[in-house]
Amino acid sequence: MMLVMEMARPAIEVQRERAERLLNGVRAAVLVALACAAIGYAPPLPRSVQRANWAVLIPALAWSLAQFWLDAHRYVREQPLPSWVALVNPLVDITAVTAILAGYSFAQPSALALKSPIFLAYFVILAARPIASSTRKAAAAATLVVVEYATLVAVLLLGGRIPVTDSPIIASGSAAVSFLDEGAKILLLIVAGAIATYATSWHERLAETYYRESQ
């Protein structure tokens, strides 16, 4: 079984490399769209929110563009994309989302940090892992999402930066947040990460089966 997997691994890595290139194209398009939105919505936004947006968008877009150069350089030298790129991509994506949420905590109201819809980007990142990562990398990304967001919530709530209420209903219409809401969001991240990891493992087993039957 392990021998078959090792024999199939080169073909799997080729497909994962193609997926990373595709995801980088999507990443660049999304970042450009977000940059345009940041420019369009800049006038009514507090300076702290504008700074948070650009402090994250500029480095993330630079990294995405650098990957296009790496990919072109790879074709010139007929070399595969460096393996560390697949490790750095989810780290950069996840940390960028956490960083922009942390930046929003300096805005008014500070609850914007935990109520911003950019939180949903975590799920998009996890959803992309099965087509571009190994099971270990997907599990690491899933763990990193939970750790980073849970740490952010703990720092903001325990540090008193955001008012807290026991009622999710009151929290929905005020500048406060509830422990129940944040606990539910962390639980959803755990479930999404587990599903992404399982899907990645399933893809690996499927590729192994396909390779074995094709021999």
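This is a predicted model: local features need pLDDT of at least 70, side-chain atom pairs count only at pLDDT 80 or more; totals for chains, interfaces and linings use all residues.
## Confidence

The protein chain has an average pLDDT of 85. Of its residues, 87% score at least 70. Helix 1 (residues 2–40) has the lowest mean pLDDT, 78. Helix 6 (residues 135–158) has the highest, 94.

## Nonpolar cores

The largest nonpolar core holds 31 residues. Leu101, Leu114, Tyr122, Tyr149, Ile162 and Leu189 have the most contacts inside it. Two or more residues each come from helix 2 (47–77), helix 3 (84–104), helix 4 (112–115), helix 5 (121–132), helix 6 and helix 8 (179–214). Helix 6 gives the largest share, 9 residues. In soluble globular proteins, nonpolar side chains tend to be buried together.

A second, separate core has 5 residues. Among them are Leu31, Ala35, Ala38 and Leu57.

Beyond its neighbours within four places in sequence, Leu101 is in contact with Ala113, Ser116, Ile118, Phe119, Tyr122, Tyr149 and Leu152.

## Helix 6

Helix 6 has 24 residues. At 1.5 Å a residue, they should span 34 Å. The end C-alpha atoms are 34 Å apart, so the two values agree.

The buried residues of helix 6 include Ala138, Ala141, Ala142, Val145 and Val146. Glu148, Tyr149, Leu152, Val153, Leu156 and Leu157 are also buried. An α-helix has 3.6 residues a turn, so residues three or four places apart point the same way. Just after helix 6, Gly160 takes a positive phi of about 75 degrees.

## The largest pocket

The largest pocket contains about 540 Å³ of space. It is lined by 19 residues. Arg27, Val30, Asp93, Ala121 and Ile125 are the closest to its centre. Helix 1, helix 2, helix 3 and helix 5 each give two or more residues to the lining. The largest share, 6 residues, comes from helix 1. Helix 1 is also the element with the lowest mean pLDDT.

## Ser48

Ser48 lies in helix 2. Its relative accessible area is 15%. The cut-off for buried is under 20%, so Ser48 counts as buried.

Which residues does Ser48 touch, not counting those up to four places away in sequence? They are Gly103, Phe106 and Ala107. Ser48 and Gly103 are 55 residues apart in sequence. In space, C-alpha to C-alpha, Ser48 and Gly103 are 7.4 Å apart.

Notes:
Residues are numbered from 1 along each chain as its sequence is written. Side-chain values use heavy atoms; hydrogens and water are left out. pLDDT is the predictor's confidence in each residue, from 0 to 100. Helices (H or I, at least four residues) and strands (E, at least two) are DSSP runs, numbered from the N terminus. A nonpolar core is a set of buried Ala, Val, Leu, Ile, Met, Phe, Trp, Tyr and Cys residues joined through side-chain atoms within 4.5 Å. Buried means under 20% relative accessible area, exposed over 50%, partly exposed in between (1.4 Å probe, protein chains only). Contact means heavy atoms within 4.5 Å. The expected span of a helix is 1.5 Å times one less than its number of residues. On a 1 Å grid over the protein atoms alone, a cavity is a set of points where a 1.4 Å probe fits but cannot get out, and a pocket is an open set with protein on both sides within 12 Å along at least five of seven lines; lining residues have an atom within 4 Å of a point. Grid points are joined across faces, edges and corners, and a volume is the space filled by probe spheres set on the points.
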